[in-house]
Amino acid sequence: MSDQSIDSILNDWPFDPHHINVRRINAGNRDVLQLRLDLGLLQMETNDRPDGSRPFNKATYLEYLRLKQSQELEAFELLPNDCLEIDREFVQFYHRRVCWLHLQEFANAVRDAEHSLQLMDFCLEYSDDEDWTLSHEQYRPFVLYHRTQAAALMVLEADEEGAGPRAVSVVEDGLAQIYQVFVDQENETQFAEDELVLQLQAFLKNLKGRFGSDDSLEEQLRRAVGDEDYERAALLRDMIMKRDQGH
């Protein structure tokens with residue numbers, strides 16, 4: 001019997017518990033990501049589903065569910081097996097997003113974060129199980145944090161004219177979206193103390209220091225109105241009102 005163990009790989013790549021152990025390697029006809037764990041490793045495809053499967057011949061399970069919903073319309077419902085597959089897809093995209101961030105492949109990190117957010121939106125719209133939906137929604141600020149961070153760094157990495165101010169706007173938008181999540185979950189009083197929010201605010205302060213921008217919420221509001229970004233303007237007005245009320 002041939003040796004089916006992965007001992008040689010694990011021996012050549014020791015696990016470091018203090019760092020994320022990830023690499024992108026060539027696997028013959030394609031690149032794959034490998035994430036080293038204390039008990040082995042995960043290998044992920046770089047496109048579509050990280051496990052390489054094609055659910056019902058679709059790139060992702062979300063794509064299959066969207067097609068199914070469009071065909072069934074009012075008769076559509078999430079079945080128990082759908083929920084299991086959704087959970088699997090959430091976990092897979094989380095692992096790959098972390099890998100992309102560590103490898104500083106920010107466009108790929110944004111892409112995978114967007115997929116997770118769209119999957120959350122789908123569950124929020126079509127699931128009747130509030131507890132199951134909440135099991136995903138509780139991570140929405142975390143996914144938004146990753147997407148915001150990656151999107152801002154992607155802008156800076158492009159090093160085009162005006163990249164600094166655009167990166168500032170990306171982070172401001174991300175913070176406004178995270179704030180809205182706290183409002184929707186009736187937990188806005190915790191926004192100012194949230195660790196992810198504090199990290200993004202520190203990132204924003206650093207960006208403004210580097211690129212000479214220190215806009216107040218009022219200045220951000222004026223810019224949003226001028227840009228006809230009324231959704232963001234509404235969020236900024238809400239944040240100003242809460243601040244002025246001492247919340």
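# Notebook: a buried charged pair and its surroundings

**Entry 1. The pair.** I looked up Asp82 and Lys68 and found that each of them is buried. I take buried as under 20% relative accessible area, exposed as over 50%, and partly exposed as what lies in between, with a 1.4 Å probe and protein chains only. The side chains of Asp82 and Lys68 form a salt bridge, with 3.5 Å from N to O. The two ends come from distant parts of the chain, since Asp82 sits in helix 3 and Lys68 in helix 2, 14 residues apart. My rule for a salt bridge is a side-chain nitrogen of Lys or Arg within 4 Å of a carboxyl oxygen of Asp or Glu. Side chains of opposite charge can pair when their charged atoms come close.

**Entry 2. What I am looking at.** I note that this is a predicted model, in which local features need pLDDT of at least 70 and side-chain atom pairs count only at pLDDT 80 or more, while totals for chains, interfaces and linings use all residues. Residues are numbered from 1 along each chain as its sequence is written, and side-chain values use heavy atoms, with hydrogens and water left out.

**Entry 3. The whole protein.** I listed 10 helices and 3 strands. Helices (H or I, at least four residues) and strands (E, at least two) are DSSP runs, numbered from the N terminus. Along the sequence I read the order α-β-β-β-α-α-α-α-α-α-α-α-α. The C-alpha atoms fill a box of roughly 70 × 50 × 30 Å along the principal axes. Of the 247 residues, 42% are buried. I then looked at contacts, meaning heavy atoms within 4.5 Å. Among those between residues at least 6 apart in sequence, 52% join residues at least 24 apart. The protein exposes about 14,300 Å², and carbon and sulfur atoms supply 49% of that area. Accessible areas come from the Shrake-Rupley method with a 1.4 Å probe, and for residues only the protein chains shown count as cover.

Entry 4. How far apart are Lys242 and Ser5 in sequence and in space? They are separated by 237 residues in sequence and by 58 Å from C-alpha to C-alpha. I placed Lys242 in helix 10, residues 230-244. Lys242 counts as buried because its relative accessibility is 18%.

**Entry 5. Charges.** The protein has 25 positive and 49 negative charges, and their mean positions are 4 Å apart. Lys and Arg count as positive and Asp and Glu as negative, with His and the chain ends not counted. Each charge is placed at NZ of Lys, CZ of Arg, CG of Asp or CD of Glu. On the surface I found a patch of negative charge made by Glu72, Glu77, Asp128, Asp129, Glu130 and Asp131. A charged patch takes residues with over 30% relative accessible area and no salt bridge, and joins like charges within 9 Å. Glu77, one of this group, is in the loop between helix 2 (61-72) and helix 3 (80-102). Glu77 is partly exposed because its relative accessibility is 47%.

Entry 6. I counted 17 salt bridges in the structure. One of them joins Asp48 and Arg54, with the closest N and O atoms 3.9 Å apart. Asp48 is partly exposed at 39% relative accessible area, and Arg54 is partly exposed at 44% relative accessibility. Another joins Asp112 and Arg111, with the closest N and O atoms 3.1 Å apart.

**Entry 7. A network.** Salt bridges also link Arg49, Asp51, Glu85, Arg88 and Glu89 into a network. I followed Glu85, which lies in helix 3 and is buried at 15% relative accessibility. Beyond its neighbours within four places in sequence, Glu85 touches which residues? I found Glu85 in contact with Arg49 and Tyr61.

**Entry 8. Backbone angles.** Most residues other than glycine have a negative phi. I noted Phe56, not a glycine, with a positive phi of about 50°. Phe56 lies in the loop between strand 3 (40-45) and helix 2, and is exposed at 56% relative accessible area. I also noted Gln104, not a glycine, with a positive phi of about 60°. Gln104 is in the loop between helix 3 and helix 4 (106-126).

Conventions: Patches are made of residues with over 30% relative accessible area and no salt bridge: like charges are joined within 9 Å, nonpolar side chains (Val, Leu, Ile, Met, Phe, Trp, Tyr) within 5 Å.
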